[in-house]
Amino acid sequence: MESSGNNFIFQKDDKKILKRRKWRSFLDKFAKQFIAVMGGSIILAILLIFFYLFGVVLPLFQGAKSNKEANYATISPKAGDTLYLDVEEQSEQAIRYTSNGYIIVFKTKSGSGVLEKKLPVPNGVAITSIGTSKHARGLVALGLSDGTALVVKHSFEVSYEARGDENKRVITPKIEMPFGDETIIVDENGKPIKALSVQAFESETILAGANEEGKIFLISLTRDESFLGGEGELKTDRYIVSGFKGKIAYLFIDDAIEHIFAINQDSEVFFYDIKNKEKPVLLGTNFLFSDGKLTSANLLLGGVSLIVGNDKGRISQWFYVKDENNKKELKLIRDFKQFTNSPIVKIASEKQRKGFIATDKEGNIGIYFSTSNRLLLNEKISESEVKHIAFAPHGDNIVAEDSKGQFHYYSIDNKYPEISWSSLWGKVWYEGYKKPEYLWQSSAATSDVEYKFSLIPLTFGTLKAAFYTMMFAIPLAIMGAIATGYFMRPELRQFVKPTIEIMEAMPTVILGFLAGLWLAPLFEKNIPGIFLIVILFFPTTMFVSYLWHFLPETFRRKLPEGTEPLLIIPPILLLIYVCMSISPQLDVMFFDGDTRIWMTKNLGIVFDQRNTVVVGIAMGIAVIPIIFSIAEDAVFAVPKHLSDGSLALGATPWQTLLRIVLPAASPGIFSALMIGLGRAVGETMIVLMATGNTPVMELNIFQGLRALSANIAVEMPEAVLGSTHYRILFLSALVLLTFTFILNTVAEYVRQNLRAKYGKL
Amino acid sequence: MKKWFSSGNAYIWMVSGAVSISMIIVIGLLFLIAINGLGYFWPKDVWELNYQDRSGKTIKLIGELHNEERISAKRLQEAGIETPPGQNFVTRYLLKVGNREFGNDFRWIEQFNIENKEQGIKTPEKLLVVERLAWGNLYGNFVALKEKGKVVAKDEPGYIELLKKVSEVSEKRKEIEKISRKDVGEINSLIEQLRLDERKLELDKRKNETTMKPLLEKKKILEEQFKGLQKKLDELNAVIKIDSIDVQLADGKIVDVPLGNITKVYEPNSFTIFEKIIFYAHKFFGFLYEEPREANTEGGIFPAIFGTVVLVMIMSIIVTPFGIIAAIYLREYAKQGPFVRLLRIAINNLAGVPSVVYGVFGLGFFVYFLGGNIDRIFFPESLPHPTLGAPCLLWSAVTLALLTLPVVIVSTEEGLARVPITLREGSLALGATKFETLWRVILPLVSPAMITGLILAVARAAGEVAPLMLVGVVKLAPSLPLDGSFPFVHFDRKFMHMGFHIHDIGFQSPNVDATKPLVYATAFILVALIFLLNFAAITIRNHLREKYKALGSL
């Protein structure tokens, strides 16, 4: 083959020819290399798709990372111990409230002071407790030893100073006293306030305080709106919450100001309904731990969930659940994986997500996320007990103080805590739900609501649609393939095969549109008629065959064998026509004039206009040509001498088909089914347009669904680049890819083996 | 009976029934689309009737019949409509009453509520249909033609004068369109270019008086030009606002419609069959070359057709070489073995990957990763506004090229397999190298197969919507992806697409009754295009087979 093999002919040739031959040989070799590289790169394409999707998805399952930024000793030790620690939005500055009544603002990176302010705590009075609001950021109440409380609000103002070309950000702390320097009386008997909680909503501020005797007071402070814009009159209402027993340890008001959690030192929680403040109702009491003693508690973002930790390092989440009688009951929702066995010291919650951080006596911290039940980070940050810890509002930094007065400032890389394998594929108990459920709800009105990222409803939708599609497509496509490939006359086959195959080219958006705007309303109006067609279809063909059997032999002989499909078209058309025209009469006679409402009323079947039947039919029409085409090829390719032999031995054509042709063609038919199923799973436009796209998990064939593919098409344009949602959509694409990859590989493998087998016959 | 059953003939008829119903579905669907799609352009009679509405008041309605159905009385009762007793079924009509500014433009009316039932439906010749730029069609009686608010002509002469004026005005409007789109658009893009130049200087730290001077001068000139055009536009706009017509609506109200708002006026009830055919042709072609109006519920689909065509053209340019080389490698160069088996599995998988997954990949890899990096390196001056880092034409074409690659490979390979081995051996025996054999002998013979593959790829791409929804299609694009201003093909623009247009107007539109006929018409054109391409591919393939048959017998 190589031209260099016959050199001798040209031995005397001049250089020109030699040069040309060199060039030709070079070109040949180059082309070979070039084509091989380009051709081989097809594999790269599929690998690239797979690994790129995988790469986008991967960060979802990685934990958080931390990076130590700074470490410094406290300034102004004279201010006393820290009571409460907080970090501002840009995490440049942190604020701490101290036991001697100081507010100290310092830089997170260096620890140097920005502001120091003494609060107007009356002389001779000590601070005995502190309460903070999750909802109204920066609102802090200090409980005092004389039975009063002081309300403070801190905030940080961001402004920009022009400095050369760049604008420099300047952050100024601001301390306000919303109710003036006067203290607010909580306990009229002047007993020290041992636990305090504060919450604000619109113009109302609520204080809940408990004294050492376990008496709980509820103070409502409202400022009347003044027309002139000045400060209105302050209205103070005082209520008493009764029923609490033991020594108070923690007291929380939820964000909606509807419930109070009061926890005593024996780890027992008292859960109150305070919607009607005049008559608070004790909804129930629970022991938070069966063994061990409660050492820390806090509310999660949204104020619905209570996170508690005990002296054995156990952390669990509680929230209320409504039972059948709509009675609220506090329940243990989940236990978190322990990051330590020593006592939990502090639990601090994230400010924009449902995550929290816990510290222990040994100086370890654990970062958790509640919905996904994940321990994202477990690290030792100090040699001694970490007494206070605070998240920056974006959850990207933490400031911690240990018992030796050392401050630790860390940056945290924790972008995707919302997802875990179990939250994607298992049931999750979401806040406000009666039981663990599979739910998909990727957008929420407020950040207080948990995102619900379970892929189960979507996968269920995909499989449901694919199942009914195959139910519709398999009989028609396989039987059609048998009829065309085995029984049909060649002249007729030449026309029938391309006609059905051309449907493969039909854009699915058109099928989807017809399904949604034509078929769905048609089906809704003619339910009995369409069901009648389905039921009577095969009996009709049998009946026609029976009648044909009785026709005189001479007449039957006139039509060549293998033209049955032509003969049967008129009876089928007649059947369709009759069924559709008597459908309204059936409606009136048997189903009170409207089958849809009749079904809902008498059978309890919910009926959506865009339902699975419609999807099944439309997507069936899309996959029939694919299955038909491959299966027909397989049937047709069975060597003629096999079936001829069988027929010669006296078998009927039908027996030959069942015993000889089908077994031989079965791998091809199987591969056709696999490819058809792959198509049904990945099809997007039809499920998008012909279903209501509601992610419900109902087996009911008359209800809609939401498939993985349609979900991607709907939500992808709105997903923020790099967000958890974006990556989950990539994950669902990866799921689809893997699924079709398996189906197609199996199909191709079977087909290649089949080819080898027929090669031998 | 038993004999009949045991012969198995019953089953043969059963499987035949399956193939028949598949055929009925295929042909039925095509008919459904064709009839509804083509029927949209036919001028419909305008009805005038007296109708008793739900409050019992009799009102006059004028409108086109759009749909008719027989419905069980029960369903109407559930919707709160009283039906005459003893009647199980009633007939109702969907009437397009137009006049959208005064309420719904579609209305279901029950036959029993029409005065004198069917006899009460009249089609007076003089009923006027006014197609407008805004608010959709207007139905009523022509009253007078006015100039600056003064009546200049009435009745028949007025109508004839009106037809003349309407065509004059539409000429003017075309001119306005041209100026505001082409000329003003060009100036805007030049000004934007100047801004980018300035930003580039800033980024390169070369911004100073001397470098800025030419830019500022150019900008001044452009702004002058812009002002000139603006003035011309104002003049033209004033001209088309001078004339108006008075139309009396069904309820007796007289409305004044400026000619500038009118695209077409006609009296369909007076049309002869010949006029109807002309109207039909006019409307059909208008649909193909007009821009959509009123959130895609009126007008044509030209940008969608154009976008689809440009998209598949760019895609073809990308996919063809890759597909052909891969096929050549598989057939001519690769050693048949496990690697080739693997390659085939990869190709089959590429063909089986759901199209929406291509969309996701295209968005992540092409748009955000490649596009984002290209923006950072080549177009830093326009950041943060993305150039290629956002969904656009280029990445749509690349994504579709990846999607259609298997189609081209499979088809070309099939063609290569059909080239008789004798030809190859002959060429090699005469001393040609393998590459020369390929280039001079095989490829020319295979070219029809490549074209077949390409046509099939184009047909597939033209109908694909799901991936495009992620990588660049929009419901309404302000400008075409290919136009007269540099660099002519705008890879960074978003575009419209027929398939997405169907999805959008059929499912996102608030006025489904109004858009349904349009969806059918668009669907018909898309199906016609795709089937035409497929037929072309099949014809070429058959032709090719004949040719090789002849070669093989040599």
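**Close-up views of helix packing in a predicted model**

**View 1. Contact of H8(A) with H2(B).** In H8(A), the residues A:Glu564, A:Pro565, A:Leu567, A:Ile568, A:Ile569, A:Ile572, A:Leu573 and A:Ile576 meet B:Ile12, B:Trp13, B:Ser16, B:Gly17, B:Val19, B:Ser20, B:Ile21 and B:Ile24 of H2(B) (contact: heavy atoms within 4.5 Å; helices: DSSP runs of H or I, at least four residues, numbered from the N terminus). By class, this contact has twelve nonpolar, three polar and one charged residues (nonpolar: Ala, Val, Leu, Ile, Met, Phe, Trp, Tyr, Cys and Pro; charged: Asp, Glu, Lys and Arg; polar: the others, Gly among them). This is a predicted model, in which local features need pLDDT of at least 70, side-chain atom pairs count only at pLDDT 80 or more, and totals for chains, interfaces and linings use all residues. Residues are numbered from 1 along each chain as its sequence is written, chains are lettered from A and ligands numbered from 1 in the order in which they are written, and side-chain values use heavy atoms, with hydrogens and water left out.

View 2. A:Leu476 is buried, with a relative accessible area of 9% (buried: under 20%; exposed: over 50%; partly exposed: in between; 1.4 Å probe, protein chains only). Not counting residues up to four places away in sequence, A:Leu476 touches A:Ile624, B:Ala18, B:Ile21 and B:Ser22. A separation of 9.7 Å lies between the C-alpha atoms of A:Leu476 and A:Ile621, which are 145 residues apart along the chain.

**View 3. Contact of H9(B) with H10(B).** Residues of H9(B), including B:Tyr358, B:Phe366 and B:Leu370, meet B:Trp395, B:Val398, B:Thr399, B:Leu402 and B:Leu403 in H10(B). The contact has ten nonpolar, five polar and no charged residues.

Definitions and conventions
Helix = DSSP H or I, 4+ residues; strand = E, 2+ residues; numbered from the N terminus.
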